[in-house]
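This report is for a reader meeting the structure for the first time. Please look over the sequence and the model before reading on.

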Amino acid sequence: MTSSLAQRIVAGATMWTLLAISFVVSAQDEPRRVCDYDTLTIRSDFSGGRISGCEQLSANHYRLTIKPEDEPPINTSPWYAFIVTSEVEQSVTVDLVYTYFKHRYWPKYSRDSRQWSRFDSENVTILDDGSARLTLTVNEEPLFVAGQEILPYEFHTAWAKKMAARHDLNFVELGLSRHQKPIYKIETKGSDQTEDYIFIVGRQHPPEVTGALALVPYTETLFAETALAKRFRDTFGIVIVPALNPDGVEQGHWRHSMGSKDLNRDWGPFTQPETRLMREELERFRTDERLWLFLDFHSTARNVLYTQADDEATNPAHFAANWTKVVKARVKNYAFERAPRPVTALPTSKNYVYTTFGVPAITYEVGDETNRKSIEDAAVVFAEEMMRLLLDAKANQ
Ligand SMILES: [Zn+2]
């Protein structure tokens, strides 16, 4: 009795220490700013917003400092997102100055944070020092400016709830992120007989929005009212975790979780609450249920699938090579390659799932600046061909 109480006290103390640490981390990182000048306001106090400093250089020239959430080393994904409003219509110059690395994401803008456009090249100059200079026409209407379309946590939640309602799926809260945001999955209800599954994960890395722009149409294709998708759903269960790093997405992080950790380097150590939920969720595939395919959606400089190496056997066999071949024969305006990568000691989702379950575990990477319509069109084809291949594999097992 006494010892169990002591254990609980120790556990409580550990919890408070962790909370204190996470408070320190968030106190150091202050991406939420409201910078007020005579007629102009620049702000990042919204979901996904990030600027770490503002300075007025002259009447219509401003400098914004863009800083990662944690000191380097950190991945070179310099996310920025802010809103500019002005009491008078005017043209202003805004410099984006990075404390680490250099400008990467071509600036996009929106008036409502839903419809986004790329800035014309005449409005953007990339300077030799790695900063970017934007020329903006601003007025009373908020102008959103960001490295990619802003897809906040709420976007993913609303989408998942809509999918669950429309297709009669289970919407299940798996647990909480370090900053107490629900991490959830949507999953087909299946029947007692359902024992074959695919598993999809997204948004481990906050700025990797194009990965999310593929995950959405990919998933919707699996739930379409087509004969193929119906047959697939009669045969396979589907689990989707669309937003594994909600805190990072909310805070406009470049890479990390609120635990200052790259979550896709924690599948193995499982030091973070977010990745531990994935370990627990996948445990079922060790016993009575079978996992057939694992997909993790990300973004990088180009469209690429990171797959197992050719001499690493998967079950089903040769899935990635076959998938690539049939998709390449069908997609237009979406150049991509399969990049086989042997297992390393790096604790990524791909390495963990492949070494644990022996299934194809693929990182579906979408280029930062890939045409948005092409991302969607390709995702539909990838989804259709995945369904065909897995149905064939199941029929021939
Ligand atoms: Zn990534």
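This is a predicted model: local features need pLDDT of at least 70, side-chain atom pairs count only at pLDDT 80 or more; totals for chains, interfaces and linings use all residues.

## The nonpolar core

The largest nonpolar core is made up of 92 residues. Leu64, Phe82, Ala214 and Leu293 have the most contacts inside this core. Helix H9, covering residues 372–395, gives the most to the core, with nine residues. Domain 1 (34–146) and domain 2 (153–395) each supply at least three residues to this core.

Setting aside neighbours within four places in sequence, the contacts of Phe82 are Ile42, Arg43, Ser44, Gly49, Ile51, Leu64 and Val145. Leu64, in this list, is also among the residues with the most contacts inside the core.

## Cis peptide bonds

The peptide bond from Pro72 to Pro73 is cis, and its omega is near 10°. Pro73 sits in the loop between strand S4 (61–66) and strand S5 (81–86).

A cis bond also runs from Asn315 to Pro316, with omega near 10°. Pro316 belongs to the loop between strand S17 (304–307) and helix H7 (319–330).

Phe101, a residue other than glycine, has a positive phi near 65°. The loop between strand S6 (90–98) and strand S7 (108–110) holds Phe101. Phe101 counts as partly exposed because it has 16 C-beta neighbours inside 10 Å.

Phe270 has a positive phi near 50° and is likewise not a glycine. Phe270 lies in the loop between helix H5 (246–251) and helix H6 (273–282). With 16 C-beta neighbours inside 10 Å, Phe270 counts as partly exposed.

Conventions:
Residues are numbered from 1 along each chain as its sequence is written. A nonpolar core is a set of buried Ala, Val, Leu, Ile, Met, Phe, Trp, Tyr and Cys residues joined through C-beta atoms within 7 Å. A residue is buried if 20 or more other C-beta atoms lie within 10 Å of its own, exposed if 12 or fewer, and partly exposed in between; C-beta atoms are placed from the backbone. Helices (H or I, at least four residues) and strands (E, at least two) are DSSP runs, numbered from the N terminus. Domain bounds come from an automatic or database domain assignment. Two residues are in contact if their C-beta atoms, placed from the backbone, lie within 7 Å.
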